[in-house]
Amino acid sequence: LKSILKWVFLCLIGIYSYSFISIYRFSQQDFTQKSDVAIVLGAAAYHNQPSPIFKERFNHAIQLYHEGMVKKIIFTGGKTKGSAYSEAEVAQDYAIQHGVNPTDILIEKSSTITNENLKFAQPLYDSIQAKSALIVSDPMT
């Protein structure tokens with residue numbers, strides 16, 4: 001009986017190790033491919049300053065743009081109560097300051113949640129006759 005339990009335990013350790021290694025390898029792969037547009041999901045902005053999370057999102061989109069991975073960027077996100085600027089407007093201003101051609105930026109400034117980010121970005125996506133998009137959010141860690 002001890003011998004059987006020992007083998008079962010070793011098999012479970014082996015299965016766990018194989019699964020862990022497989023998941024880790026998968027998470028390290030870069031599935032980014034050239035697309036017509038990057039759709040940047042909104043995150044908090046305070047007046048005209050982005051939250052650190054939002055700033056990283058649009059920095060990633062700007063990098064994709066400069067590397068030629070996307071032709072255009074759609075920034076999403078509306079205004080919080082009392083704010084003069086929408087999240088999308090904050091991102092747009094930042095992107096222009098960092099070398100993105102204003103004609104390559106579209107903004108959706110009505111959404112307040114992630115589902116709306118994508119729903120309200122759809123007409124912009126359709127307006128440029130895009131066939132593919134990269135969704136820019138937080139990295140998987």
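Predicted model: local features only at pLDDT ≥ 70, side-chain atom pairs only at ≥ 80, totals over all residues.
Reader: Is Leu-12 buried or exposed?

Author: Exposed means over 50% relative accessible area. Leu-12 has 53% relative accessibility, so it counts as exposed.

Reader: How many salt bridges does the model have?

Author: Side chains of opposite charge can pair when their charged atoms come close. A salt bridge needs a side-chain nitrogen of Lys or Arg within 4 Å of a carboxyl oxygen of Asp or Glu. By this rule the count is four.

Reader: Which residue forms a salt bridge with Arg-57?

Author: Arg-57 lies in helix 2, residues 52–66. Its partner sits in the segment after strand 6 (133–136), 81 residues apart from Arg-57. The closest N and O atoms are 3.0 Å apart, and the partner is Asp-138.

Reader: How many residues apart in sequence are the parts tied together by Lys-72 and Asp-104?

Author: Lys-72 and Asp-104 form a salt bridge, with the closest N and O atoms 3.3 Å apart. Lys-72 lies in strand 4 (residues 70–76), and Asp-104 in the loop between helix 3 and strand 5 (105–108), so the pair ties together parts whose separation in sequence is 32 residues.

Reader: Is Glu-89 buried or exposed?

Author: Glu-89 forms a salt bridge with Lys-109, the closest N and O atoms being 3.2 Å apart. Glu-89 is in helix 3, and Lys-109 is in the loop between strand 5 and helix 4 (114–127). Lys-109 has 46% relative accessible area and is partly exposed. Glu-89 has 18% relative accessibility, so it counts as buried.

Reader: Which element gives the most to the lining of the second largest pocket?

Author: The second largest pocket holds about 160 Å³ of space. Its lining includes Asn-48, Lys-55, Tyr-85 and Tyr-94. Strand 3 (49–50) and helix 3 (87–97) each supply at least two lining residues. With four residues, the element that gives the most is helix 3.

Reader: How many residues in the lining of the second largest pocket are charged?

Author: The lining includes Asp-93 and Gln-97. Four of the lining residues are nonpolar and three are polar. The charged residues number two.

Key. Residues numbered from 1 in each chain as written. Heavy atoms only, no water. 1 Å grid on protein atoms, 1.4 Å probe; cavity = no way out; pocket = protein on both sides within 12 Å on 5 of 7 lines; lining within 4 Å. Points joined across faces, edges and corners; volume = space filled by probe spheres on them. Nonpolar A, V, L, I, M, F, W, Y, C, P; charged D, E, K, R; others polar. Buried < 20%, exposed > 50% of the residue type's maximum accessible area, 1.4 Å probe, protein only.
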